[in-house]
Amino acid sequence: MRPGLPAGSTLRCSPPREEDHQVPHTAQTVDPAAVRAWCALAAEALGREREEIDAINVYPVPDGDTGTNLYLTADSARRAVEAVFTAHATGAPELPDVVRAMAHGALTGARGNSGTILAQLLRSVAEVLTRGRDGHHLAEALRAAAAAARQAVAHPVEGTILSVASAAAEAASRAPSAAPAATAAAAYEGARTALEATPEQLAVLREAGVVDAGGRGLVTVLGALVEALTGEAPERTPDHQAGVVAPRVLKETCTADGPGYEVIYLLEAGDDAVARLRARLDALGDSLVVVGGDGLWHVHVHVDDAGAAVEAGVEAGRPHRIRITHFAAAAAGHGHPAEPAQRAVVAVVPGDGLAALYAEAGAVTVPARPGEPPVGGVLLDAIRRAHAREVVLLPNDADLWQAAAAAAEQARAEGVRVALIPTRAAVQGVAALAVHQPERRFDEDVVAMTAAAGTTRYGELAVAAHRSFTSAGVCQAGDVLGLIEGDVAVIGRDLADTARTVLDRMLAAGGELVTLILADDAPPSLADRLEAHVRARHLAVDTCVHRGGDQHAPLMIGDE
């Protein structure tokens, strides 16, 4: 377990086993391990191909973010599935639990038009796979997904991800055998053929000389499914790799005419209210996609009146996670935004007390709420909110590095100079902030902050949720675990005693400053007892104490 594990996550005492991430070879059924591998491989592949897909994004809006949005959606599904496996550390979860987590993760983390459609595709696949797991059920799942995706879009257009999904479903129904691997392979080939035909179906693609970006992403997702079921990645032919064109061509070929805002939100509402909402939003704008069900929906629309779109959601139910993006303000010269700051720091923090500490130091903070680690889109929003020419990004969790990299890449495409410092824990972010000097050159500041974070060892205390094996031995439910650099180093029964042992082990390698960050529910006397211990045992070491608020760990430790 890493110290940056999102608040509310179930503790996994033992390190991940190698077999947890192995790809099943020629799986006879779509089992939980295959779904887990599919989600991981899809997110990984979309992460690799993100820039290529972004580069060919010309429809429905040429804003160059389809690859990023698909990656963020798939990564949210992956995280949800991993959480289910983490909660079942002593045994594999059931398939219905896994596919429902995949669907829910994609729904809550969906980004953009294509990401929202992908969420609906995964939701429909999940619904069918809860009833069966052979190749026939997989083909049925793909048919249901393609149909549901078309129903979710107010005005379906051929030559898009919808055409590719329909072709994949049709090909899957003609698979030569009932094995899931054969069904997936047929779907992949059908999707790839349909992708190559998209320029003939949609004039804007033909004029730009590219295939549809959303369809390209779906081919990647289906390729990951083939690899998850067979253990072998399908070959990417030159036709599959084609379509990346110079940005100059896209700018000359495409315009950003149309509604000025993209509005996205999650909505808690009943079916009847959502039906009325669809009609209301369809009259307000275009690119309307509403996906979900069972009381939770993901709404996406392009409008000129963003306020009216949000108000429509309020009338229908309870909207939250509202995100509004202005497409054309810069291009059309609308408005005169304030002069951006020269430099800002954006940091992910696990507790409100720590957020206040970071904000006091001038950072824009992104909360890591219990069970809801921020996805790349949230990080990108924070970078935009910082409104600076240069941004230093502190993810403070190794599990967030890829999402942070996606956000940084998108921000760079928008003209912001972004440096990602690979901090693994909040205490490393504190160390980086302590040496931050916005008046010096950007590169020098980044080097100094990176060095400060890199020379800070980190530890934390956690309470075991169940009996398990750890690198320090067997832990029982309720044991206090002392982690150093992400590994369990100490197992104890008392919080203070375990903390003292962890401090001594960390300081055995040297140190000048110990930072203690305590949760609100930590014993009131814990800080004083640990400060006294450091003074008595480590004379040359200073101690600094902060209150972290409602953080996931009762105590986080930094050793600089």
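Predicted model: local features only at pLDDT ≥ 70, side-chain atom pairs only at ≥ 80, totals over all residues.
You'll find asparagine 396 in the loop between β7 (388-394) and α17 (401-413). Now check its backbone: phi of asparagine 396 is near 55°, a positive value in a residue other than glycine.

Next, jump to aspartate 294. Here too phi is positive, at about 55°, and aspartate 294 is not a glycine either. Is aspartate 294 buried or exposed? Aspartate 294 counts as exposed, at 76% relative accessibility. The loop to look at runs between β2 (285-293) and β3 (296-303).

The peptide bond joining tyrosine 59 and proline 60 is cis, with omega at about 0°. Most peptide bonds are trans. Proline 60 sits in the loop between α1 (32-55) and α2 (66-87).

The largest nonpolar core has 84 residues. Select Val35, Trp38, Met102, Ile117, Leu121, Leu222 and Leu229 to see the residues with the most contacts inside that core. Then zoom in on methionine 102: setting aside neighbours within four places in sequence, methionine 102 is in contact with Val35, Trp38, Cys39, Ala77, Val81, Leu122 and Ala126.

Last stop: a second, separate core of 25 residues. Pick out Ile421, Ala426, Val446 and Met449, which are among its members.

Note on methods: Residues numbered from 1 in each chain as written. Heavy atoms only, no water. Helix = DSSP H or I, 4+ residues; strand = E, 2+ residues; numbered from the N terminus. Buried < 20%, exposed > 50% of the residue type's maximum accessible area, 1.4 Å probe, protein only. Core = buried A, V, L, I, M, F, W, Y, C linked by side-chain atoms within 4.5 Å. Contact = heavy atoms within 4.5 Å.
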